Amino acid sequence: MKRPAWTAAGVCLVLAWWCAQQPVAPEHPPGEHLRVVSANLFLANRADPKDVAQALLALQPDVLLLLEWTGKNMDRQVLVDGGLGLHVDHPHSRTAGIGLAMSSRVAGAATVLREGGRGPCAMPAAAARILWDGLGVSVLGVHPPPPVPGCGGLTGASLGDYASWVTNGRAQGGPLPLQDGDPVVILGDLNTLPVDPSLSVLRDHGLRDGIVESSWLPSPSWPVLPGGWALGRIDGVWVPPHMDVVDGGTVEVPGSDHRAVWVDLHTRFDPAR
């Protein structure tokens, strides 16, 4: 085998090994950075709901988005006892369930949004405005419809709807509690691979892929297969130019077919940027 072929084979082996790893998020000292986490809990999750909640608590999130939240596939009381308030609690028996939790370190308000998302598979979003170290940040948790025939192929159009509430990385013209002028973070199960052209609409509105910025290595999140393998990434955290990505990645959620995605953000920024 020629050297280029050996090199390619070696790279593929390294990437395959990496995709099989079960990464762990580092410790998150309170107040050091803003940690945002998106976790698709999986509608048919059979893990102990307490184990699911404890795994999420171990990530020490400041903002935690819960998708496919049924009210039974995660123990909400464990979150509350651990210092996370469930500000959006909108369970559903199908994939439309959504929740948004915030730590006691974050002051803010949140609500379920019916706006955004299109077609027969449209799912609600969650919006929040938080105050972090004196800075107002608008957060949008989304779950656009998957790109399957029964959903009308409206994944990209739904992403465009959400992006329309952002201009140059700041909130503009969106529903409350998003506040015009705030830097915006969009996170969730985007049902879209990083290479998909439909994600360009987020870039066009001034957002960056925080997972890509956190590491040059792939950070697969779905589907999680037996043995811990994950193949691609359809979950993400998109951040504005006014924030620096300190770290990020994916981490296992007990019983879920998704890994959670997380990003640590440095929120002190020059307003003129």
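Six bridges, or 6 bridges in figures, join strand 3 (residues 84-90) to strand 4, and the two run antiparallel; strands here are DSSP runs of E with at least two residues, numbered from the N terminus, and two strands pair if DSSP finds at least two bridges between them. This is a predicted model, in which local features need pLDDT of at least 70 and side-chain atom pairs count only at pLDDT 80 or more, while totals for chains, interfaces and linings use all residues. Residues are numbered from 1 along each chain as its sequence is written, and side-chain values use heavy atoms, with hydrogens and water left out.

Q: Which residue in strand 4 is the bridge partner of leucine 64?
A: Strand 2 (residues 63-67) pairs with strand 4 in the antiparallel sense over 5 bridges. In strand 4, the partner of leucine 64 is alanine 101.

Q: How many residues of strand 4 are buried?
A: Buried means under 20% relative accessible area, exposed over 50%, and partly exposed in between, with a 1.4 Å probe and protein chains only. Ile98, Leu100 and Met102 point one way and Gly99, Ala101 and Ser103 the other way, yet all are buried. For strand 4 (residues 98-103), the count is 6 of 6.

Q: What is the relative accessible area of asparagine 73, and is this residue buried or exposed?
A: Asparagine 73 is found in the loop between strand 2 and helix 3 (76-81), where helices are DSSP runs of H or I with at least four residues. Asparagine 73 is buried, because its relative accessible area is 3%.
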